[in-house]
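Visitor: I have a chain to look at and some questions about it. Could you take me through it?

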Amino acid sequence: MISLSDGCLVTVLKHKNTNKYVCLTNLHLYWNPDFPHAKAVQAEIACKVTNQVINKYSSEKPEIILCGDFNSIPHFQHEFIPQNQMTVLDNNPDLRTNIPGFDNSAVFQLLKEGILHQHHPEHPDSFGQNTLIDLDNDSKKRKSKGAIVGILEHPFKLKSIYHNMKISPPSFT
């Protein structure tokens, strides 16, 4: 990860009686709201490391618990997007409907849906840019024209602990 204050701990546990596995990943993402693109990459790396640990240390696919301090909120925060990029976004109002998960923060979108397209304003390929990445509709492409990092993704089907509860999630995590 980026520094000693950011981190990820992945532990695979085996129940003594049932021999079933559970994988617990605890992470702490970068704190600064001016760097949502860094948090998105950290979240993807944490998921990739989790997947590597699962594949290396357990023969069956365990349940996954991903927890920690994500230093993120569920919705996109335009106030932390650089002004030059906000000008581009304001001049292209159709982006809100054309970019999957545009209204979600990058971390929330990645963890919830398993994918963060490079067109998302908080994606490393888009964040702070004066121009738009080519909005082609080929979802099989890992990188659009002009992209450096490409699509961020993970293989898990994650759900929020608040998914079936009658209470709202906290306004930030």
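**A walk through the model**

Guide: Start with His-28, which is partly exposed, with a relative accessible area of 28%; buried means under 20%, exposed over 50% and partly exposed in between, using a 1.4 Å probe and protein chains only. This is a predicted model, where local features need pLDDT of at least 70, side-chain atom pairs count only at pLDDT 80 or more, and totals for chains, interfaces and linings use all residues. Residues are numbered from 1 along each chain as its sequence is written, and side-chain values use heavy atoms, with hydrogens and water left out.

Visitor: Which side chain makes a polar contact with the side chain of His-28?

Guide: His-28 sits in strand 2 (residues 21-28); strands (E, at least two residues) and helices (H or I, at least four) are DSSP runs, numbered from the N terminus. A polar contact is a pair of N or O atoms within 3.5 Å; within protein, one must be able to donate a hydrogen and the other to accept it, and residues adjacent in sequence count only if both atoms are side-chain atoms. Contacts of His-28 (heavy atoms within 4.5 Å), leaving aside neighbours within four places in sequence, include Ser-5, Gly-7 and Asn-71. At 3.4 Å, the polar partner is the side chain of Asp-69.

Visitor: How far apart in space are His-28 and Cys-8, C-alpha to C-alpha?

Guide: In sequence, His-28 and Cys-8 are 20 residues apart. In space, C-alpha to C-alpha, the separation is 6.4 Å.

Visitor: Is Gln-85 buried or exposed?

Guide: Gln-85 belongs to helix 2 (residues 83-90). Not counting residues up to four places away in sequence, Gln-85 touches residues including Pro-121, Phe-127 and Gln-129. The Gln-85 side chain also reaches the backbone oxygen of Ser-126 at 3.1 Å. With a relative accessible area of 4%, Gln-85 is buried.

Visitor: What kind of pair do the rings of Tyr-30 and Phe-35 form?

Guide: Rings of Phe, Tyr and Trp (its six-membered ring) pair if their centres lie within 6.5 Å; planes under 30 degrees apart count as stacked, over 60 as edge-to-face and the rest as tilted. By this rule there are three aromatic pairs. The Tyr-30 and Phe-35 centres are 5.5 Å apart and the planes stand at 75 degrees, so the pair is edge-to-face.

Visitor: And what kind of pair do Phe-76 and Phe-102 form?

Guide: Phe-76 is buried at 8% relative accessible area, and Phe-102 is buried at 5%. Their ring centres are 5.2 Å apart and their planes lie at 55 degrees, so the pair is tilted.

Visitor: How many residues apart in sequence are the parts that this pair ties together?

Guide: Phe-76 lies in the loop between strand 3 (63-69) and helix 2. Phe-102 lies in the loop between helix 3 (95-98) and helix 4 (106-113), so the pair ties together parts whose separation in sequence is 26 residues.

Visitor: What pattern does the chain follow along the sequence?

Guide: The chain has four helices and five strands. Buried residues make up 38% of its 173 residues. Read along the sequence, the pattern is β-β-α-β-α-α-α-β-β.
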